[in-house]
Amino acid sequence: MKYDVIIVGAGPGGIYSAYELTSRRPDLKIAVFEAGHELTRRKCPIDGKKIKSCINCKPCSIMNGFGGAGAFSDGKYNITNDFGGTLHEYIGKDTALELMHYVDSINCRYGGGRTKMYSTAGTAFKKKCVQNKLTLLDASVRHLGTDINYVVLENLYGLLKDKADFYFDTPVSTLKKTDEGYTAVTDKGEFEAPECIISAGRSGSKWMEKVCRELNIPTKSNRVDLGVRVELPAVIFDDITNELYESKIVYRTKKFEDNVRTFCMNPHGIVVNENTNGIVTVNGHSFEDEHRKTENTNFALLVSKHFSEPFKDSNGYGENIARLSNMLGGGVIVQRFGDLERGRRSTVSRIEDSTVRPTLAATPGDLSLVLPKRILDGIIEMIYALDRIAPGVANDDTLLYGVEVKFYNMEVQLDENLETMYKGLYVIGDGSGVTHSLSHASASGVYVARHIAETYGHQE
Ligand SMILES: Cc1cc2nc3c(=O)[nH]c(=O)nc-3n(C[C@H](O)[C@H](O)[C@H](O)COP(=O)(O)OP(=O)(O)OC[C@H]3O[C@@H](n4cnc5c(N)ncnc54)[C@H](O)[C@@H]3O)c2cc1C
């Protein structure tokens, strides 16, 4: 089968590539290959009764399928160059922001129009943070919520399905470079195109490494973020989340001068399991629908670990720590902050007696047996720092779930068009190592699509 453009992966990067290409160049024949199911067939079997924890489905419906890792996410589209990726280093700060706003306008047109946009600009909270040795990063955030995010994806699929050929449950096993362009090898046959956009995301990281190895595309990898997910009564963080919804706050630890940051805040949300390549870690969601809101707020506290030579496998380091928690707890471990401070494990009865009701059924245990001291010390320092701007964060009953790991895909060597050393082969989204968020991944898709739309058929 011959196409003009092949897209690998139907996460936000792939979807927005397809959206922009089909809008600008309806004359092009486009194929999208997706390892996971179409949106309506994506179901995680964990029901809390018969199936309580992850059973390692292949493909995992949380991470794979139309919508990618973002499909059941909280749908927070952060419009900023301060975090969420380094797209601006390739395409410039103004273009990156312009594309993120463009993506936001499409999300609004396709179902997200009634959701709220929050902003940190000019907030009094910024001053309070500085006074307490915390830094609040600048951003605007559109919070779609898991439910509206799903509606937007449904609508986008409704629009795109007649304009591009979608192949679900069709992982690309090998990508071959030919004289004419690229051949995607799948169990449904081989598909050729002169242009190929890879948007394989986090779940496709191992496959992406294989592609780079086979085609000799240079890469580098030296970062992983490790930490815990904090869950506490929503009222403690209400002043902050009502005004800003999502705040990225950074603290520099006294002891090691490491940066600890808040990440993925879910007011009135739930804590969830996340499965990356068979390793169960923790994450969070929240909902726009009032009926689905809980009495708790959760957010991650992460410490960034950058490794220097000769160590190269930063993700392997994170994976092994997560494996340790899976080994001890059979999955995610939960511990009361008071128990951690007293150097004892949490037990079922201590969690039951706690005033904070956990929203995830995790195994009570001891995170100090899992997390390296340097990381745990940083998290404890940060909890006390946050307690100064939101009294109650350091309460004994605050729950800590571990581990939360933010794996960074290795960075693929790309030029200012997000093109590899091979003409017509682009790598975008989280799989490129350039982005780590919905808005950056989507924007990178639009960017590459515009480039292809302008140049396709006009090359010498
Ligand atoms: C639980 C959760 C909550 C999150 N919440 C937020 C949030 O609120 N805000 C935010 O900004 N970010 C959030 N994120 C991160 C966000 O989802 C990602 O940054 C974003 O989805 C990246 O988009 P992507 O298109 O690059 O990759 P992905 O969304 O990972 O999509 C990649 C797709 O490629 C497919 N694929 C991989 N390999 C192959 C192959 N060989 N052949 C065919 N298909 C393949 C996969 O099945 C997948 O569907 C969250 C992530 C998770 C897991």
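## Two crossing helices

Helix H3 (residues 93–112) packs against helix H12 (residues 438–455) at an angle of about 100°, and their axes lie 9 Å apart; the axes are lines fitted to C-alpha atoms, for helices over the stretch in contact, and angles run from 0 to 180 degrees between N-to-C directions. Helices (H or I, at least four residues) and strands (E, at least two) are DSSP runs numbered from the N terminus. H3 and H12 are therefore roughly perpendicular to each other, a term that covers angles of 65 to 115 degrees, while those under 35 count as roughly parallel, those over 145 as roughly antiparallel and the rest as oblique.

On the H3 side the contact is made by Ala96, Leu99, Met100, Tyr102 and Val103, and on the H12 side by Ser439, Ser442, Ala443, Val446 and Tyr447, where two residues are in contact if their C-beta atoms, placed from the backbone, lie within 7 Å. The residues of this contact of H3 with H12 comprise eight nonpolar, two polar and no charged; Ala, Val, Leu, Ile, Met, Phe, Trp, Tyr, Cys and Pro count as nonpolar, Asp, Glu, Lys and Arg as charged, and the others, Gly among them, as polar.

## Basis of the model

This is a predicted model, in which local features need pLDDT of at least 70 and side-chain atom pairs count only at pLDDT 80 or more, whereas totals for chains, interfaces and linings use all residues. Residues are numbered from 1 along each chain as its sequence is written.

## Two domains

The protein is divided into domain 1 (5–118 + 141–220 + 409–455) and domain 2 (223–407), with bounds that come from an automatic or database domain assignment. The centres of domain 1 and domain 2, taken over C-alpha atoms, are separated by 28 Å, and the contact takes 24 residues from domain 1 and 22 residues from domain 2.

On the side of domain 1 that touches domain 2, S3, S6 and helix H5 (145–160) each supply at least two residues, and the largest share, four residues, comes from H5. The residues of that side of domain 1 divide into nine nonpolar, nine polar and six charged.

## The ligand and its surroundings

The ligand is surrounded by 42 residues, of which the closest are Gly11, Gly68, Gly201, Gly204 and Gly429; a residue counts as near a molecule or strand if its C-beta atom, placed from the backbone, lies within 6 Å of it. Domain 1 and domain 2 both give residues to the shell around the ligand, so the ligand lies between them.

Helix H1 (12–24), strand S3 (76–79) and H12 each supply at least two residues of this shell, whose residues divide into 13 nonpolar, 23 polar and six charged.

## A three-stranded sheet

Three strands form an open sheet in the order S3-S6-S4, with antiparallel pairing, and two strands pair if DSSP finds at least two bridges between them. S3 and strand S4 (116–119) are the edge strands, each pairing on one side only, and the twist averages 20° from one strand to the next.

S3 and strand S6 (residues 140–143) pair in the antiparallel sense over four bridges, and Ser140 in S6 is the bridge partner of Ile79.

## Backbone exceptions

Most residues other than glycine have a negative phi, and most peptide bonds are trans. A cis peptide bond, with omega of about 0°, joins Lys58 and Pro59, and Pro59 lies in the loop between strand S2 (30–33) and S3. The peptide bond from Gly402 to Val403 is also cis, with omega near 0°, and Val403 has its place in strand S21 (residues 399–407).

Asp169, although not a glycine, has a positive phi of about 50°, and Asp169 is found in the loop between strand S7 (165–167) and strand S8 (174–177).
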